[in-house]
Amino acid sequence: MTQTDNLLQVKDLKTYFFTEDGIVHAVDGVDFSVKRGEILGLVGESGCGKSVTSHSIMRLIGQPGKIIGGEIWFDGKDLVQLSERELRQIRGNRISMIFQQPTSCLNPVFQVKDQVLEVLQIHQQMDRQHGTARVHELLKMVGISDPERRAKAYPHELSGGMAQRVMIAMGLACTPELLIADEPTTALDVTIQAQILELMRNLYRNTNTAIILITHDLGVVADMCQRVAVMYAGKIVEQTDVRRLFREPKHPYTQGLIGAVPVLGVVKDRLEVIPGSVPNLIDLPRGCRFAPRCRARLERGLTICAEEEPALRPIGLDHAVRCWLYE
């Protein structure tokens with residue numbers, strides 16, 4: 001793979017979970033790319049495979065899950081093919097991740113400084129003296145006041161927003177080229193959410209770190225991202241730049257998501273509702289996975305939707321969609 005503007009390229013990624021009830025097709029042929037120094041939003045309902053995609057990129061899939069196919073190219077290297085030793089040089093160093101629940105990701109028996117310091121000692125070989133000074137610098141960078149005192153705190157002594165800032169400090173400790181933020185504001189109240197997002201925006205501007213922002217909140221996407229990939233039932237169904245997505249959504253699922261968002265100053269009789277529910281990833285419908293919930297196919301009288309699965313195809317400049325309406 002030649003050096004391009006794409007820092008990360010995911011090709012036909014498949015991650016399945018082999019359970020007693022059957023095979024869960026959590027990520028089933030996902031394709032997307034992340035350019036250097038951009039924020040890509042990965043959007044979709046709960047259970048669509050967003051978090052499994054991020055864990056696959058980090059190679060953090062545990063039993064009974066397994067990456068069974070596809071490629072994850074990062075700066076010219078396929079992460080799927082790397083040994084665990086080779087991967088440790090990249091994971092936490094050049095690629096970092098912020099997880100959904102910060103309080104459950106921090107070790108309750110160690111002080112904050114020791115947990116951030118561990119990242120610096122492993123990847124940057126810093127001694128304790130220089131590492132501690134860097135910890136204080138990082139905590140200050142993410143907006144934690146009195147960092148010397150807070151560094152001595154234990155996780156249970158931190159608020160949710162403070163714990164999330166510590167996680168961001170850990171993620172940025174080695175100045176990664178790619179930061180994966182998996183629902184970074186889900187457990188936080190609205191005021192703290194805004195502060196965390198503003199913090200991430202400022203860090204992106206100052207460090208030029210590329211970010212994959214995983215969320216179900218289209219308001220966050222509109223505010224933070226340059227490009228968006230919409231995910232449904234283990235697949236990307238639409239991918240384009242953020243302005244085009246909100247101005248010209250093409251996939252019926254994307255149209256339904258945007259139609260369900262209340263708009264300030266716009267009076268609607270009722271918000272749009274997407275009928276039905278996300279399909280069982282063990283027993284997926286034949287054809288297009290959105291077909292059982294799709295009004296557009298009924299209005300157009302399309303029968304192929306329930307018979308054959310569409311491919312993700314370009315329909316314009318930097319715009320791709322997985323839908324028979326555009327074949």
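Gln193 is located in helix α8, which spans residues 190–207. The model examined here is a predicted one. Within it, Gln193 has a relative accessible area of 19% and therefore counts as buried, since the cut-off for that class is under 20%. When neighbours within four places in sequence are set aside, the contacts of Gln193 are with Thr185 and Leu188.

Helix α5 comprises residues 128–141 and helix α7 residues 160–172; their axes come within 9 Å and cross at roughly 125 degrees. This angle makes α5 oblique to α7, because angles from 65 to 115 degrees count as roughly perpendicular and those over 145 as roughly antiparallel. The handedness of the α5 and α7 crossing is right-handed. On the α5 side, the contact is made by Arg134, Leu138 and Leu139, and on the α7 side by Val166, Ala169 and Leu172. Sorted by class, the contact of α5 with α7 has 5 nonpolar residues, 1 charged residue and no polar ones.

The aromatic side chains form the third topic. Ring pairs are counted when their centres lie within 6.5 Å, and by this rule there are 3 aromatic pairs. One of the pairs joins Tyr232 and Tyr253: the ring centres are 4.7 Å apart and the planes stand at 55 degrees, so the pair is tilted. Tyr232 belongs to strand β9 (residues 227–232) and Tyr253 to helix α11 (residues 252–259), so this pair ties together parts that are 21 residues apart in sequence. Both Tyr232 and Tyr253 are buried.

Tyr232 also forms an aromatic pair with Phe290, with 5.2 Å from centre to centre and 90 degrees between the planes, an edge-to-face arrangement. Here too distant parts of the chain are linked: Tyr232 lies in strand β9, whereas Phe290 lies in the loop between α11 and α12 (295–300), and the two residues are 58 apart.

Taken together, Tyr232, Tyr253 and Phe290 form one aromatic cluster, in which Tyr232 pairs with Tyr253 in a tilted geometry and with Phe290 in an edge-to-face one.

Key: Residues numbered from 1 in each chain as written. Predicted model: local features only at pLDDT ≥ 70, side-chain atom pairs only at ≥ 80, totals over all residues. Heavy atoms only, no water. Phe/Tyr/Trp six-rings, centres within 6.5 Å; stacked < 30°, edge-to-face > 60°. Helix = DSSP H or I, 4+ residues; strand = E, 2+ residues; numbered from the N terminus. Buried < 20%, exposed > 50% of the residue type's maximum accessible area, 1.4 Å probe, protein only. Axes fitted to C-alpha atoms, helices over the stretch in contact; angles between N-to-C directions. Parallel < 35°, antiparallel > 145°, perpendicular 65-115°, else oblique. Left-handed = near helix turned anticlockwise from the far one by under 90°. Contact = heavy atoms within 4.5 Å. Nonpolar A, V, L, I, M, F, W, Y, C, P; charged D, E, K, R; others polar.
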